[in-house]
Amino acid sequence: MPALQRRLAAFAAARDWEQYHTPKNLVAALSVEASELVEIFQWLTPEESARVMEDPESAHRVTDEVADVLAYLLQFCEVLGIDALAALAAKIDRNEHRFPVPPGKRPGRHSLE
């Protein structure tokens, strides 16, 4: 991920966009891009949403929006000096303590709340 963050920073620098890459602007752009991802799924049934990647056009749209969300998140983390992977690992650790696996149940997926 650091290589992608450097590439994004170089891309912005070459276009003199750093002046616009404030935490406020980046988090707003992140929100907009996340909303564009939501828009793709907005009126789909749960079954349709599970099959969204089967259609090449919708798969392309989803993939592009995921890339946009990730790009803005990485830029936001770069500006604020956040190690995104370390933050995620720490959050998972906290959630494993907050939401222990009930006795007799196998560990499964956990929310990242």
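At 39% relative accessibility, R61 counts as partly exposed, because this value falls between the limits of 20% for buried and 50% for exposed. The residue belongs to helix α4 of a model that is predicted. Helix α4 also contributes to the lining of the largest pocket and packs with helix α1.

**Residue R61**
- In sequence, R61 and L37 are separated by 24 residues.
- In space, the C-alpha atoms of R61 and L37 are 8.2 Å apart.

**The largest pocket**
- The volume of the largest pocket is about 340 Å³.
- Its lining consists of 18 residues, and those nearest the centre of the pocket are L8, F11, A71, Y72 and Q75.
- At least two lining residues come from each of the helices α1 (2–14), α2 (23–41) and α4 (56–80).
- Helix α4 gives the most to this lining, supplying seven residues.
- By class, the lining comprises 13 nonpolar, three polar and two charged residues.

**The packing of α1 and α4**
- Two packed helices are described by the angle between their axes and by the distance between those axes.
- For α1 and α4, the angle is about 90 degrees and the axes are 10 Å apart.
- The two helices α1 and α4 are therefore roughly perpendicular to each other, a term that applies to angles from 65 to 115 degrees.
- On the side of α1, the contact is made by L4, Q5 and L8, while α4 provides A71, L74, Q75, C77 and E78.
- The contact of α1 with α4 contains five nonpolar, two polar and one charged residues.

Terms used. Residues are numbered from 1 along each chain as its sequence is written. This is a predicted model: local features need pLDDT of at least 70, side-chain atom pairs count only at pLDDT 80 or more; totals for chains, interfaces and linings use all residues. Side-chain values use heavy atoms; hydrogens and water are left out. On a 1 Å grid over the protein atoms alone, a cavity is a set of points where a 1.4 Å probe fits but cannot get out, and a pocket is an open set with protein on both sides within 12 Å along at least five of seven lines; lining residues have an atom within 4 Å of a point. Grid points are joined across faces, edges and corners, and a volume is the space filled by probe spheres set on the points. Helices (H or I, at least four residues) and strands (E, at least two) are DSSP runs, numbered from the N terminus. Ala, Val, Leu, Ile, Met, Phe, Trp, Tyr, Cys and Pro count as nonpolar, Asp, Glu, Lys and Arg as charged, and the others, Gly among them, as polar. Axes are lines fitted to C-alpha atoms, for helices over the stretch in contact, and angles run from 0 to 180 degrees between N-to-C directions. Angles under 35 degrees count as roughly parallel, over 145 as roughly antiparallel, 65 to 115 as roughly perpendicular and the rest as oblique. Contact means heavy atoms within 4.5 Å. Buried means under 20% relative accessible area, exposed over 50%, partly exposed in between (1.4 Å probe, protein chains only).
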